[in-house]
Amino acid sequence: MCSHGSNHHGLGHDQAVATTAQPYPLRAPVPVGKKITSLYKKRLVNFFTPGQWEKVNLMAAQSDVKFGGAPHVQLQVWDAPDTSRPSFAEATAESNTYREARVGESFGPSWTTHWFRCTLTLPEALQADDAHVELHWDCSNEATVWTAQGEPLQGLTGRGERVEWVVPASFKDGKGHTIYLEMACNGMFGNGPGRPIFKNNAGGDSIQPPDNDKYFKLAQAELVAVNLPARMLLIEFSIIHDAATELPEDTWEQHEALNVASRIIDAFKVGDDASLTKCRQIAAEYLGDQVDSAAVYETALDRRPTVYAIGHCHIDTCWLWPWAETKRKVVRSWSNQCDLMDRYPELNFACSQAQQFKWLKEIYPYGWQRVKEKIKSGQFHPIGGSWVEHDTNLPCGESLVRQFLYGQRFFEAEFGFRSTTSWLPDTFGFSCQIPQICRLAGMTRFMTQKPCFNSVNEFPHTTFNWVALDGSQVLTHMPPCKTYTAEGNLGDITRSISNHKSLDQDNTALMAFGKGDGGGGPTWQHLEKLRRLRGMADTVGVIPRVHSGATVDQFFDRLEAKSSSLVTWFGELYFELHRGVYTTQARTKLQNRKAEIFLHDIELLATIASIHDSNYQYPKKELDEIWQGIMLCQFHDCLPGTAIEMCYDDSDKIYAKATATGQVLLANVLAALGLKQSDVANLKLDEATAINTLPWPRRVLIEVSDGKAVVASGEGHALSVSSFEASSETKAVTIKETSDGVFQLENDHLTVKVENGVISSVYDRRAKREVLAGKANQFVIFNDMPVYWQAWDAEVYHLDTREELNNTKTTIHEDKGYRASLVTETHISEHSSVRTTISLSAALSDDQPSLIECEADVDWHETMKFLKVEFPVQVRNTEASYETQYGVIKRPTHYNTSWDMAKFEVCCHKFADLSEHNYGVSILNDSKYGFATVGNVMRLSLLRSPKAPDGNADMGRHRIRWAIMPHSGGLGAETVRTAFNFNHPMRLLGPAGSGSVGALAKAPVTLTGDDNLVLDWVKRGEDDQDVSLDDLPKRKGKSVVVRVYDAVGGLSRGTIETTLPVAKVFKTNILEDVLEEIVVDSGRFQITLHPFEVATYRLKLDQ
Ligand SMILES: [Zn+2]
């Protein structure tokens, strides 16, 4: 206890009294008993909670004067039509009829909006200068308070979450003052059935699909003169109560808390304000006497543990409510904070997601101005530097880059700075390249807390250096209080140290406090509690010192000074819980994959056209809109598949719009390049061009009509086309039924045997080996009932219920010389079935692998089932490889330890691979992300059927493509390129009337050298004069940005050559800031990448 030595409250009050100089009495005057601790503890709760004692306990002192109903609170309401969310101007239009409304009336149904015109007339009793008057409004749903002039002031959330609006002093004139209340018929967590609770519960469960017929009763609408000393005593008593009940009984601080609390109870007299003063004096013996202001935080921080409290408000951009409601949650939540900052100077509030700031700017100019002022004055901190709090497993590398590029550019353009901290508290696991991408986006710090919810292994660090595949690191902190919505209770503070896994290295912690998920943010209660917890730490000690007033940057600045002594964690932060999210909502994942590919192609072609043709304008505005839509859908409850059905109706519209806009952009750019989409069947071969948007030579079969195929081959983006020659005698691929139900497909490389609809053998004739070790392309189905979070989780025990699906019929579908295929019907249940095509195409060259391609047409109507397809292979390795953004990650194929076993379902991108020395098998896919490799069985996850929170998730038709790719050698560039090829089918185009295909014939930017280097993306410079649309400084002239990465992990060298008139070349970060100038000679420059590096080059052109 030496640390309390200087504190005058360090010794208990009673002990101090006992030292007065009375002679020690000869005889004991009265018997004194030892307090029965358990009874004294139990008594405490009765003093400050509602219930049978509420008329005589501290509750009775809370609000001494209340006025409801006319003439003090007059209510009129206008019900917005259907589920529209009108603006203030629309809602207050003269044509709207407002009718009388009253407390006790119900409003609904779910998702409707009701605007209240509320006239407040303060009675004389509330007009005193020192009266603290609030409007208390509780309708169990959400609302926004507006001035009569249309300024949104703050949000209100029912069920006691945030029900007070402080009435301005200007209302104390006895006259009527009008405000508006915009009521949203949803709770903080949407409209789940029953009471808002996340629990398997017959009476209600908030992750079940919303109840669209909920009504909300206006329980309270009254003016209240608040008895502030009583309110503060309530807060103080609750803290002392927590100390008395939560601290261990072997601490004197616990006993002291119990003594102090008991004395407060004894001193309290109902209706006697003087007793409140006395009670608060007693409380101050435990909490200190500085707790009524931010001055409590002025004591110097020292070596003792410190918990940095950061106000935060996690607003899921969509989840149990649609985007449209999120826009209102933003203005409600952030206005609350602006209001609190005026009263609590210590409040520092960190807030992420550029998209939400953009909505505020566009829809709520008053709220935006208010937020901008608070950013300027230093209390409101935009953080995270990303467009939304995105998923990190599923988006492709370029999508992650754009999340940060668009996010940081928005922050810089609007606020004048970029974020240094990546802030993803709630994202479902973190890909191993995030540290590299963060560093390339100007961020050195990373904050999350999600891994603390691991269901198998406890994550061993709180504060550490997290290291990417390429070795890049970010300084990482996971708030040890295990939440990003801390309530600011004593337990949050103590857990911040007791759960701290890195105390041997540092004893500070971040605590993000405030209502969240559904928005809200800190309340005055949080701020008052924290002041008292700091006072307690400085007065009696025992708990860590909470500090309010510092920023997240300041917290990390301290850590950075000692970063070299912090432990390291290499590779992904695999989340041992939400493993279903690689598969749930398959359509959204397919749309995301397709959109990413589409954007790749359009940006490449548009870049070429915009340089080649001075009349062609790079479509930056449209590209920005498409990207922003796609990035919005990458939000961590949307793309992973954990939102309600309404959100997927919304995201479908975003993808549809992106596709429609994209089609127009494509037609325009093709026209500029002298091409147009034509009737392929009638194209003359010498007029046809195949567009290759990938950076390597290709040789591809393209079917132009039934039975007729052509071969596109060559380098560059416009490949020439020749006819595929095959006669019946010399079929390049054959198919035959060798015995009843047994088929054989064969090309120059492979002999494939299909029995009862499954692939029983793949013989690699060049490698002279059997590829399979069992029935491949075998569908398997599992019962899929996780512990609770349906759409999120596939739990380990689902593996115990594996059942093979039987195929009913296989027939020859195609025997075309260039391609042969079989169709198999598979019965899943009386509701569901699969029709699978297994095909083998002609081997076009010996240096190109043959694929066994599969396409499944699934009609899926299951309940809590998980459909997968298996590939047992004759390959042995303790690790399998999975494509991730800009690289591959290895994961175990065994269950040696609990860490290995926890990865029973993992994320892959376009391929997963199991290779041994000199041979392996890759499984490619066109839209899937869930995979498992157990021993030698590779298993691609296809479809799930959770019923919450979207009761119709994944029901209906799905077309899914995958391929088996046996290969000689280990995992290498061949798999990487083939997986790209598989996802980028080639387009056959005809000539347009004008324009010249010449610009495409030779790719304007080429990469040669090590084949593991991928020239992944080509785009125009963000700041180019003729491209840039935002307010950031522009650069003169045109430039081309080229992104390259090493895909399999090794020092790689290459040469980039351009036919463009290049003046200078710079290596840049992903924000396109110059890192260094690169020597360029005759349009060529050398590049060297370290393993798994992502490198960006900006080619400044001479025009
Ligand atoms: Zn979230």
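Biologist: Glu795 and Arg579, are they buried or exposed?

Modeller: Both Glu795 and Arg579 are buried. Keep in mind that this is a predicted model.

Biologist: Fine. How do their side chains meet?

Modeller: In a salt bridge, at 3.9 Å from N to O. Glu795 sits in the loop between strand E33 (778-783) and strand E34 (803-804), while Arg579 is in the loop between strand E22 (568-570) and helix H15 (586-612), so the pair ties together parts that lie 216 residues apart in sequence.

Biologist: What does Arg802 pair with?

Modeller: Arg802 meets Glu870 in a salt bridge, with 2.7 Å from N to O. Arg802 is in the loop between E33 and E34 and Glu870 is in strand E39 (residues 865-872), so this pair ties together parts 68 residues apart in sequence.

Biologist: And how covered are those two, buried or exposed?

Modeller: Glu870 counts as buried because its relative accessibility is 5%. Arg802 has a relative accessible area of 34%, so it is partly exposed.

Biologist: How many salt bridges turn up in the whole structure?

Modeller: A search finds 80. One of them joins the side chains of Arg445 and Asp553, at 3.6 Å from N to O. That pair links distant parts of the chain, 108 residues apart: Arg445 belongs to strand E17 (residues 445-447) and Asp553 to helix H14 (residues 552-560).

Biologist: Why does Arg445 count as buried?

Modeller: Because its relative accessibility is 4%, and the cut-off for buried is under 20%. Asp553 has a relative accessible area of 35%, so that one is partly exposed.

Biologist: Switching to helices. Which residues of H8 are buried?

Modeller: H8 covers residues 354-363, and its buried residues are Ala354, Gln355, Gln356, Phe357, Trp359 and Leu360.

Biologist: What covers them?

Modeller: The cover includes helices H7 (323-343), H9 (365-377), H10 (397-415) and H16 (620-633), plus strands E14 (349-351) and E15 (380-382).

Biologist: Okay, zooming out. How many helices and strands does the chain have?

Modeller: The secondary structure comes to 20 helices and 56 strands.

Biologist: How much of the chain is buried, and what about its surface?

Modeller: Buried residues make up 62% of the 1103. The accessible surface comes to about 41000 Å², and 50% of that belongs to carbon and sulfur atoms.

Biologist: And contacts, what share join residues at least 24 apart?

Modeller: Among contacts between residues at least 6 apart in sequence, 74% do.

Biologist: Last one. What feature does UniProt place at residues 576-655?

Modeller: The unreviewed UniProt entry gives "domain: Glycoside hydrolase family 38 central" there. In this model, residues 576-655 are 65% helix and 0% strand, and the end C-alpha atoms are 30 Å apart.

Notes:
Residues numbered from 1 in each chain as written. Predicted model: local features only at pLDDT ≥ 70, side-chain atom pairs only at ≥ 80, totals over all residues. Heavy atoms only, no water. Buried < 20%, exposed > 50% of the residue type's maximum accessible area, 1.4 Å probe, protein only. Helix = DSSP H or I, 4+ residues; strand = E, 2+ residues; numbered from the N terminus. Contact = heavy atoms within 4.5 Å. Areas by Shrake-Rupley, 256 points an atom, 1.4 Å probe, with all protein chains shown as cover. Salt bridge = Lys/Arg side-chain N within 4 Å of Asp/Glu carboxyl O. UniProt positions renumbered as here; feature names shortened; annotations may be inferred.
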